[in-house]
Structures are given as structure tokens and as C-alpha cells.
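Hello,

Here is the structure I promised to pass on to you. Have a look at it first, and then read on for my notes.

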Amino acid sequence: MSNQKKNEENRMEQIVALCKRRGFLFQSSEIYGGVNGFWDYGPLGTELKRNVRNAWWEDMVSTHDELSCLENAPKPFAMVGLESSIIMHPQVWKCSGHYDLFHDFMVDCTESKKRYRFDHMRGRWAEAERKTKSEGSDEVTVETVKAFITSMEPGEEVEESITAHALKFFGLKSKYRDKINWLSEVLPISSIDNLQEAVAPEATRKGTLTEPREFNLMFKTTLGALGGADDAAFLRPETAQGIFVNFKNVVDSSRVKIPFGIAQIGKSFRNEITPRNFTFRSREFEQMEIEFFCHPDESSQWYEYWRSRRFNWYTSLGIAAEHLILREHHQEELAHYSVGTADIEYAFPFLSEGEYGELEGVAHRGDFDLRSHMEGKLDSDLNVELNEHGQPKHRGSGKDLSYFDDQARQRFVPHVIEPSAGADRGTLAFLCEAYQQDEQPDDKGKMQSRTVLKLHPRLAPVKAAVFPLIKKEGMPEVAAKIYHEFREAGINAQYDQQGAIGRRYRRQDEIGTPFCITVDGQTANDQTVTLRDRDTLEQERIPIKKVTEEIQSRLGR
Ligand code: ATP
């Protein structure tokens, strides 16, 4: 394992440990042993995630000025909000395609009882001698065995993990690794014809994998007390469909004109087969989605616009551009109706070097969604899909979801650009980016290592901390007064008088508090306090009278 990779792994472990220790994130239902794929945000995590959501909402919706043309935008446009229900009419998911298509293939290992996502399994063909004891006797036979040795490790780690697994399978010590004859490079498991030849990641013999089975990712539930098969409903796997089905309601009730966007933040649920990487892949998560409706002739321009606008949003909140990529999907990755999709991806520390994980997808969806809800589920040629009796497979609403442009006197089905972000993945990326360890001199000038979260001030859970240098000489009273004033002004502040001042600073650094104010001996003389900046560590004296105003201006309010 390369040193860089090891450091990155340690870094992720440290971030996870910090999140638990300081109350950012806890495993859900931890006292009962936890439940895989679900997470609870603690007091600081709740503030952080709320700040991420609020920053998104402010930047995309509430401070959006529909009379002005934003930089690089083809023209001015409106943005409005929506909050749709989590459970919707089952027909919504039939027409959206989720009911038929939203599934992954998985395989079970009958030996280890583990379940794997088929498309994530990779392996190598290998051949070596293997000793076997025949049952009931001590006789040992040696035979040459060929097998496809698999692993679930991502990225570069896969080769190493396959080798370790192969050594175990062939019963070889590590020093005899050159006795293994590798017959292929790393291949996806789907490339082999016979699964019986595969050795599952945690199995000791071949042929323990079941055939791949489809597994729908939507959580099913039942409506009403007597619910029968017809009353089956689903927890939404995305918030987007709530926007499409309300398109007409919004147009009719809010006088918006195309182009405009509808934004929604809310929980979504996917029964992920292998939830992992902390909150990155969970079964319950929050999305921040925009459906931007425009004229078909202008949709390519808007697609370009939203891709760069959304990329810049992450950098404006502190993610270094070199840790982000905008990855354009290859033609074969695109959904059939899509003209283009780009993912905004971040170099999460749990990934291998050079690998990125999706934070947000920006998709050009054409008129696919509105037309499907209007006419019925569409097929790859954008015709209504038919069943074996030649009837529509899933009927649409039959409602007219087209738009009439009264100036151009033209009716059309709008095209949609969809920037779809995950609030939890975003929060995790901001945390990972902010986490740093550096060395700083303590009160006596001795170098001490410190853990610091260099969160953007808009995202920091606590904005300012107020300390009396010592617990006497009137200092606590003055500090408490400043603390009250901050709270009244809506600044989320903490008051702390416990322990040495250096330790108090470090406690705040570790949770990302950008500003600390200390009341000291000089305060009584000249009515000033020190203001310490988390990142530059500079300390300035500020008049008490101006301290709230100063913090507000540094927070950009
Ligand atoms: P992936 O390929 O990682 O499963 P996706 O392409 O299926 O993601 P979308 O359907 O485009 O994801 O969802 C939009 C956003 O919702 C993602 O970019 C991500 O931020 C978030 N998201 C999706 N699935 C999950 C999940 N299981 N846990 C946390 N966030 C998720």
C-alpha cells in the first residue's frame, strides 16, 4: 500500500473519529448495535448540515434576483421552491421508470452469507497447484486448479486484495506468491461465462455465488390499515419526481414564465445493497434538487450554464478546485433521453488516488419526464411503452403538461436541466476538505500539533466562541454579556471558561469555529477584547462596542 494511500486512509479514520467524538455524526440506533446505511447527526453535525442546506437554498433560491441576469446566464430567470410529499401515487414511479428500471443486480455467497453488488465485483483468472485432503482419510492430492478470484476492493487496492485472496485459496504462504500463474488482468465478473468458476471475496471454495438477481432499490410500504397488494406505495428514491408532477400547479399558481427553476430539499430513500464509506452511500439521505424548465432550443446553453454554476458553488464554499472534477458522461453511460450529463465529483479520502466520488449530477433530461407523466412511460425511442397486449405499459396522468408561451404564441413541452446534489455527500466533502492537522506554537512558544476544521464561515456550526481569560476580576461577566449580544444578533456562539486558554482555542479549532473572542486584563482598562482568527491565528484588539458588528461583517452578513 502506498504511503499516500495509507495517510489518506488514516485521514478518513481520523475524520470519522472526530465526527463521533465531537458530536457531528453517530451511527443510527447505536445503542442497539446500529443499523447499516443510516446515520444520525449530532448537535454540531446538525448545525453543519443545516448550514449546507441553507447556503444552497439562499444561493439558489432566496437571494436569487430574477430581474437581473447572472454572470454567464443566457437571460434572467426565476427560482421558486417546493416541498412535495415523500410518499406519492405509485403511478409516479411507474411513469418515471423507477418501478421497472431502478434496480441493481446482486449475488449472494452461500458460504459466507454475504451479498454483493454484481457490477462492483472484479477478479482475475489464476492457476496454481492446490492440495486437497480427501474426506475421511489423510490422503492428500495435489491438482492444478484454475479459478476466477474476486474482490470487492475499489481502485488500486483490488490487485493486492485478489492476490491475498488467491494465496489463501491455493493454500500458499505469501513467499510463494510466484507459484500463482495469473491468466488475466483484473476483469469485471460479468466478463466470465460461468459463475461456478468464481471464488467469492470471502469464500474458501469455488462456485458459492448465486446467479445475479434484480433488487429494486425502492423501499416499499403499505397505505392504510387493510392495505392489500394494490395499496403498495414507495418511499421516494429522489425528490425530482415531486417537482415534475407539480409543474402545472406551479405554473398556474405562481405566474412564473419559462425559463425558471423549481428547487426542493428533502429526504430520499434507496435500499442500497452495500451502504458504505460513512455517509457517502446511505439508505436514507437528503437531496437538494433543481428542475430547470426551458425552451428546447435553449436547453444546451442552460445545460452549460448550470454545470459551471454548480461546480463554482462548491469552490465558493471552500472546496479546492483541484479536488473537484466535472466529469462528462460517455455516450454509452447516458440515459437514452439525455443529451448530456456531467457529474461533479470530489476526491474523497476513502477513495484511491486519482479516484473521485459523485457529489452532484447535472443532467440534460430533454422533455422525457414531463412527457412520461403526460402520456405514459416512454421507451428508448421516446414512444409510449407497450405491454404484451399492445396497451400502454404504464399509463400517464393524461393531463396536459405542456407550456404556452403567450408572447411567442407557441406551445411546447419544456426541456429540463437537473442539477441534483446530495446534502449528506456535500456535508461530508466539506468536512473532509476542512480537516487539517498542523503545528502551532502554544502559550509558551512550544510547537503543538492541532486539529482544525477550516470550514467556510458560512458553514461552520459555531461562528464565535467567547472566553474570559480567567474566572475572576469581572472577566466572566463581560464575556457573558458579549455572548448574549451575539446570540441576540443570531450568531451561533459558545461561552467557555473551562481550562487553559490554549486548550479552549484548540477545542474550538477542532470544531471549526472561525473566531474566538477573549476578555482579558486589558479589557477593563480600554474596553477592548482580542479577536483570534482560526486560520491566520492573528489576534487583534477590537472595541467591545464593535465586536458584534465586526463578527457579522467577517461572516459576510
Ligand atoms: P451513485 O451512482 O453514487 O449511486 P446516483 O448517480 O445514483 O449516485 P443520483 O440519482 O444522480 O445519484 O442522485 C443525485 C445525488 O443524490 C447524488 O449525486 C448524491 O449526492 C445523492 N445520493 C444518491 N444516492 C445516495 C446515497 N445512497 N447516499 C447518499 N447520497 C446519495
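**What packs around helix α9**

The buried residues of α9 pack against α3, α6 (240–245), α7, β15 and β18. Please keep in mind as you read that this is a predicted model.

Helix α9 itself covers residues 368–375, and seven of its eight residues are buried. Those buried residues are Phe368, Asp369, Leu370, Arg371, Ser372, His373 and Met374. Just after the helix comes Gly376, whose phi is positive, at about 125 degrees.

**The chain as a whole**

The chain has 557 residues, and 50% of them are buried. Its secondary structure amounts to 14 helices and 28 strands. If you take the contacts between residues at least 6 apart in sequence, 64% of them join residues at least 24 apart. As for charge, there are 73 positive and 89 negative charges, and their mean positions lie 5 Å apart.

**A seven-stranded sheet**

Two of the partners of α9, β15 and β18, belong to an open sheet of seven strands. The order is β3-β14-β15-β21-β18-β17-β16, with mixed pairing. At the edges you will find β3 (78–81) and β16 (324–328), each of which pairs on one side only. On average, neighbouring strands in this sheet are turned by 20 degrees against each other, direction ignored.

Within the sheet, β17 (residues 340–346) and β18 (residues 357–366) run antiparallel and are joined by seven bridges. If you want a spot to look at there, Ile344 stands opposite Glu360 in β18.

Helix α7 (residues 247–254) lies across β3, β14 (260–269) and β15 (284–294). The helix runs at about 135 degrees to β14.

**Loops worth a visit**

The loop between α7 and β14 holds two residues I would point you to. One is Arg255, which sits in this loop and has a positive phi near 60 degrees, although the residue is not a glycine. Is Arg255 buried or exposed? With a relative accessible area of 74%, Arg255 is exposed. The other is Pro259, in that loop as well; a cis peptide bond joins Ile258 to Pro259, with omega at about 5 degrees.

Further along, Asn277 lies in the loop between β14 and β15. Asn277 also has a positive phi, near 60 degrees, in a residue other than glycine. Its relative accessibility is 27%, so Asn277 counts as partly exposed.

Lastly, look at Ser84, in the loop between β3 and α3 (90–96). Its relative accessible area is 15%, which is under the 20% cut-off, so Ser84 is buried. Which residues does Ser84 touch, not counting those up to four places away in sequence? They are Arg236, Thr239, Gly242, Asn246 and Gln264.

Definitions and conventions:
Residues are numbered from 1 along each chain as its sequence is written. This is a predicted model: local features need pLDDT of at least 70, side-chain atom pairs count only at pLDDT 80 or more; totals for chains, interfaces and linings use all residues. Side-chain values use heavy atoms; hydrogens and water are left out. Two strands pair if DSSP finds at least two bridges between them. Helices (H or I, at least four residues) and strands (E, at least two) are DSSP runs, numbered from the N terminus. Axes are lines fitted to C-alpha atoms, for helices over the stretch in contact, and angles run from 0 to 180 degrees between N-to-C directions. Contact means heavy atoms within 4.5 Å. Buried means under 20% relative accessible area, exposed over 50%, partly exposed in between (1.4 Å probe, protein chains only). Lys and Arg count as positive and Asp and Glu as negative; His and the chain ends are not counted. The place of a charge is taken as NZ of Lys, CZ of Arg, CG of Asp or CD of Glu.
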